[in-house]
Amino acid sequence: MKIICIGRNYTDHIAELQNERPDEPVIFLKPDSAVLLKKQPFFIPEFSNDVHYEVELLVRINKIGKHIQKKFAHKYYDEIGLGIDFTARDLQTKLKDKGLPWEKAKGFDGSAVIGEKWIEKSHFKDLNDIGFELEKNGKLVQQGRSSHMLWKIDEIIEYISQYFTLKIGDVIFTGTPAGVGPVAINDQLSGFIEDQQIFSIQVK
Ligand code: ZN
């Protein structure tokens with residue numbers, strides 16, 4: 001499986017990192033080795049002193065496709081999930097300044113948290129208005145709604161599939177809202193879609 005991530009998909013997060021608003025979605029990939037194994041803690045890698053959490057809605061692809069039109073995109077996924085795109089912000093900033101790819105800062109082992117629980121999309125009244133949250137040590141740190149995405153789920157699928165064939169089991173990280181911040185050893189991070197807890201992980 002592959003993990004495709006969308007960057008800069010919420011205006012409030014673009015503003016907090018002082019990034020430019022993109023004309024097209026920003027895409028990057030994480031390797032399958034980035035997936036944090038079930039029930040395992042997240043270990044802060046030794047090469048970073050500033051690892052940030054980014055909570056994001058996830059989409060899991062259930063049918064192979066390429067050049068998928070937006071109007072058919074809904075046929076390629078059944079479930080919505082939640083995860084964290086862990087980012088070594090210090091390293092990413094260095095790479096960005098040099099115009100280099102972000103992989104080392106975004107694709108390291110454990111950097112992709114994929115919550116165990118997935119919610120059938122039929123559960124939602126409107127996929128373009130799903131609320132989600134991240135708590136750190138029981139305190140709310142990020143809160144988002146899919147209505148605030150610059151590119152909505154079906155538009156993301158249309159865009160990505162122009163470049164990459166989507167395969168069964170691929171996971172799309174749809175971007176993070178504002179409120180990203182650093183993690184420290186012993187932090188507990190819990191993610192929620194509406195009132196349901198989707199994951200809870202320990203930082204080591
Ligand atoms: Zn992200």
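The structure holds 1 cavity of 30 Å³ or more, a cavity being a set of points on a 1 Å grid over the protein atoms alone where a 1.4 Å probe fits but cannot get out. Keep in mind that this is a predicted model, where local features need pLDDT of at least 70, side-chain atom pairs count only at pLDDT 80 or more, and totals for chains, interfaces and linings use all residues. Residues are numbered from 1 along each chain as its sequence is written, and side-chain values use heavy atoms, with hydrogens and water left out.

About 90 Å³ of space lies in the largest cavity, counted as the space filled by probe spheres set on the points. Its lining has 17 residues, with Gly7, Arg8, His13, Glu54 and Lys106 nearest the centre; a lining residue has an atom within 4 Å of a point.

Glu54 counts as buried because its relative accessibility is 4%, where buried means under 20% relative accessible area with a 1.4 Å probe, protein chains only. Glu56 is buried too, at 1%.

Now look at Asp170, in the loop between helix H4 (153-163) and strand S11 (171-173). At 2% relative accessibility, Asp170 is also buried. The Asp170 side chain has a polar atom 2.8 Å from the backbone nitrogen of Lys167.

How values were computed
Helix = DSSP H or I, 4+ residues; strand = E, 2+ residues; numbered from the N terminus. Buried < 20%, exposed > 50% of the residue type's maximum accessible area, 1.4 Å probe, protein only. Polar contact = N/O pair within 3.5 Å; in protein donor to acceptor, adjacent residues only side chain to side chain. 1 Å grid on protein atoms, 1.4 Å probe; cavity = no way out; pocket = protein on both sides within 12 Å on 5 of 7 lines; lining within 4 Å.
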